[in-house]
Amino acid sequence: MRKVVKFGGSSLANAGQFKKAGDIVRADKSRRYVVPSAPGKRDGKDDKITDLLYQTYDAAVSGASYKKIYEKIKSRYRGIIDGLNLDLNLESEFDNIEENFLAKSGREYAASRGEYLNGLIMAEYLGFEFIDADRIVYFNDDGSFDAEFTNKEIEEVLSTVERAVIPGFYGIDHSGRIRTFSRGGSDITGSIIARGINADIYENWTDVSGFLVADPNIVDEPAVIETITYRELRELSYMGASVLHEDAIFPVRKEGIPINIKNTNRPDDRGTMIVESTCKRSPYTITGIAGKKGFCSINIDKAMMNNEVGFCRKALQAFEDSSISIEHMPSGIDTMSVIVHQEEFQDKEQQVVASIHRLAKPDSVEMESGIALIAVVGRGMRTTRGTAGRVFSALAHARINIKMIDQGSSELNIIVGVSDTDFEAAVRAIYDIFVSTQLN
């Protein structure tokens with residue numbers, strides 16, 4: 001069996017966490033390839049290494065004083081090395097990075113050095129070979145990821161390497177410039193490596209024991225999701241549930257490689273398995289609940305709208321012309337509602353409304369702001385009668401008015417819109433009826 005193991009910043013924040021991560025790798029000989037992030041925060045007042053690197057680089061290229069900030073970075077790594085009792089000196093690496101900063105090598109290069117340095121330390125601690133990501137992870141010159149070329153390079157380079165540490169978050173473009181994924185991109189690197197070596201499992205270690213059924217900031221001690229499909233995860237991630245970078249799904253999904261979300265601080269916990277498909281039944285009808293605030297609804301009304309061919313297309317053209325993406329579009333016989341992000345829409349609202357009138361000639365256009373969307377997601381909903389009814393009953397019992405309802409034909413999710421002010425109460429009400437009490 002071959003596993004790719006990714007450790008997040010919280011799992012590598014200090015020497016103690018490094019030791020935990022190392023013990024986890026050594027406990028299972030099938031954990032052959034390790035992808036580390038940069039050190040995360042040690043406490044609430046701490047700085048992330050990536051942020052300090054950005055600050056150092058910006059100061060260096062502008063001619064401002066940067067030595068004090070850079071010394072904080074060096075001190076952090078020296079502390080980890082000393083805490084691990086390693087015979088490793090990174091001074092030449094620090095000098096080289098400083099030279100490249102002054103030579104204006106780019107902010108992406110600057111940001112990548114946190115993972116690079118952590119990778120060197122991790123490789124030394126484990127006794128694994130260090131493979132720089134710029135040897136195997138490739139981007140196109142426009143900054144987009146070159147998936148197929150990368151896959152070939154990974155297969156070729158790692159086929160002769162039994163165990164290796166590959167830093168996450170960055171790679172190189174075909175012109176030789178360091179490129180990075182978006183923040184949290186070490187998740188993506190781990191997934192890419194897992195695909196390239198055709199791993200049996202991709203383990204993603206963080207500071208939580210898997211995905212939770214609901215946001216722990218809203219629901220006290222929510223249940224852990226034992227098994228979730230890629231499609232369910234995509235729905236929940238899109239609506240704000242974040243443990244794993246959502247783009248990390250796609251490389252392993254192509255190959256049917258499962259992802260196991262695990263907790264570095266509680267390694268014996270089962271965590272969450274993310275799979276293509278499963279016959280395992282969830283202990284609850286739903287798999288998870290997630291949501292976001294800050295939407296608005298544009299309600300377009302026109303008598304006999306259903307008989308007018310092309311009406312919806314004309315109305316939606318107004319949003320496309322203003323480069324506004326649409327979240328949902330519930331409709332009736334004479335009305336259609338378009339749900340968009342309020343922050344994205346509000347500065348263009350009059351422009352869009354004028355375009356709707358010009359293109360579609362509706363009877364009226366009205367707007368409502370302060371809407372929260374909640375997604376209730378679960379593969380078990382397909383085979384359980386009355387799921388939607390229980391969602392509505394839970395909200396009615398909590399005296400919460402539903403402003404919008406949308407359900408896809410896949411029967412995988414139900415989206416409800418409520419007032420922003422009712423968001424937390426709505427999530428708790430839905431969680432209570434499906435998980436705490438499990439009423440049928």
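Reader: Which residues does Ile339 contact, once its neighbours within four places in sequence are left aside?

Author: In this predicted model, Ile339 is in contact with Phe295, Cys296, Ser297, Ile326, Glu327, His328, Pro330, Leu373 and Met404. Ile339 itself is found in strand β13, residues 335-341.

Reader: Why is Ile339 called buried?

Author: The relative accessible area of Ile339 is 2%.

Reader: What makes Asn151 count as buried or exposed?

Author: Its relative accessibility is 10%. The limit for a buried residue is under 20%, and Asn151 is therefore classed as buried. Asn151 has its place in helix α6, residues 147-158. Leaving aside neighbours within four places in sequence, Asn151 is in contact with Arg195 and Gly196.

Reader: Which residues touch the most other members of the largest nonpolar core?

Author: They are Phe7 and Leu158, in a core of 118 residues. Helix α5, residues 107-126, gives the most to this core, with ten residues. Leu158 touches Tyr33, Ile131, Ile166, Ile193 and Ile197, not counting residues up to four places away in sequence.

Reader: What makes such a set of residues a nonpolar core?

Author: Its members must be buried residues of the nonpolar kinds, joined through side-chain atoms within 4.5 Å. In soluble globular proteins, nonpolar side chains tend to be buried together.

Reader: Which residues does the second, separate core include?

Author: Among them are Ile300, Met305, Val340 and Ile356, in a core of 18 residues.

Reader: What places Lys104 among the buried or the exposed residues?

Author: The value for Lys104 is a relative accessible area of 55%. Since exposed means over 50%, Lys104 is exposed. The loop between α4 and α5 holds Lys104, and its phi, near 60°, is a positive value in a residue other than glycine.

Reader: Why is Ala303 not simply called buried or exposed?

Author: Ala303 has 48% relative accessibility. Buried requires under 20% and exposed over 50%; Ala303 falls in between and therefore counts as partly exposed. Ala303 is found in the loop between β12 (288-301) and α10 (311-321). Not counting residues up to four places away in sequence, Ala303 touches Asp334 and Asp363. Val391 is 88 residues from Ala303 in sequence, and their C-alpha atoms are 31 Å apart.

Reader: What class does the accessibility of Gln317 give it, and why?

Author: Gln317, which lies in helix α10, has 27% relative accessibility. With buried set at under 20% and exposed at over 50%, Gln317 is partly exposed. Gln317 and Ser186 are 131 residues apart in sequence and 38 Å apart in space, C-alpha to C-alpha.

Reader: Why is Asn265 placed in its accessibility class?

Author: The relative accessible area of Asn265 is 38%. This lies between the limits of 20% and 50%, so Asn265 is partly exposed. Asn265 lies in the loop between β10 (259-263) and β11 (272-275). Its contacts, not counting residues up to four places away in sequence, are with Gln17, Lys20 and Asp207. The C-alpha atoms of Asn265 and Ser237, 28 residues apart along the chain, are separated by 24 Å.

Reader: How does the radius of gyration of the protein stand against that of a compact globule?

Author: A compact globule of 440 residues would have a radius of gyration near 22 Å; the protein has 25 Å, which agrees. The C-alpha atoms fill a box of roughly 75 × 50 × 40 Å along the principal axes. The protein has 14 helices and 16 strands, and buried residues make up 52% of its 440 residues.

Reader: What share of the contacts between residues at least 6 apart in sequence joins residues at least 24 apart?

Author: The share is 75%.

Terms used. Residues numbered from 1 in each chain as written. Predicted model: local features only at pLDDT ≥ 70, side-chain atom pairs only at ≥ 80, totals over all residues. Heavy atoms only, no water. Buried < 20%, exposed > 50% of the residue type's maximum accessible area, 1.4 Å probe, protein only. Helix = DSSP H or I, 4+ residues; strand = E, 2+ residues; numbered from the N terminus. Contact = heavy atoms within 4.5 Å. Rg over C-alpha atoms; globule rule 2.2 N^0.38 Å.
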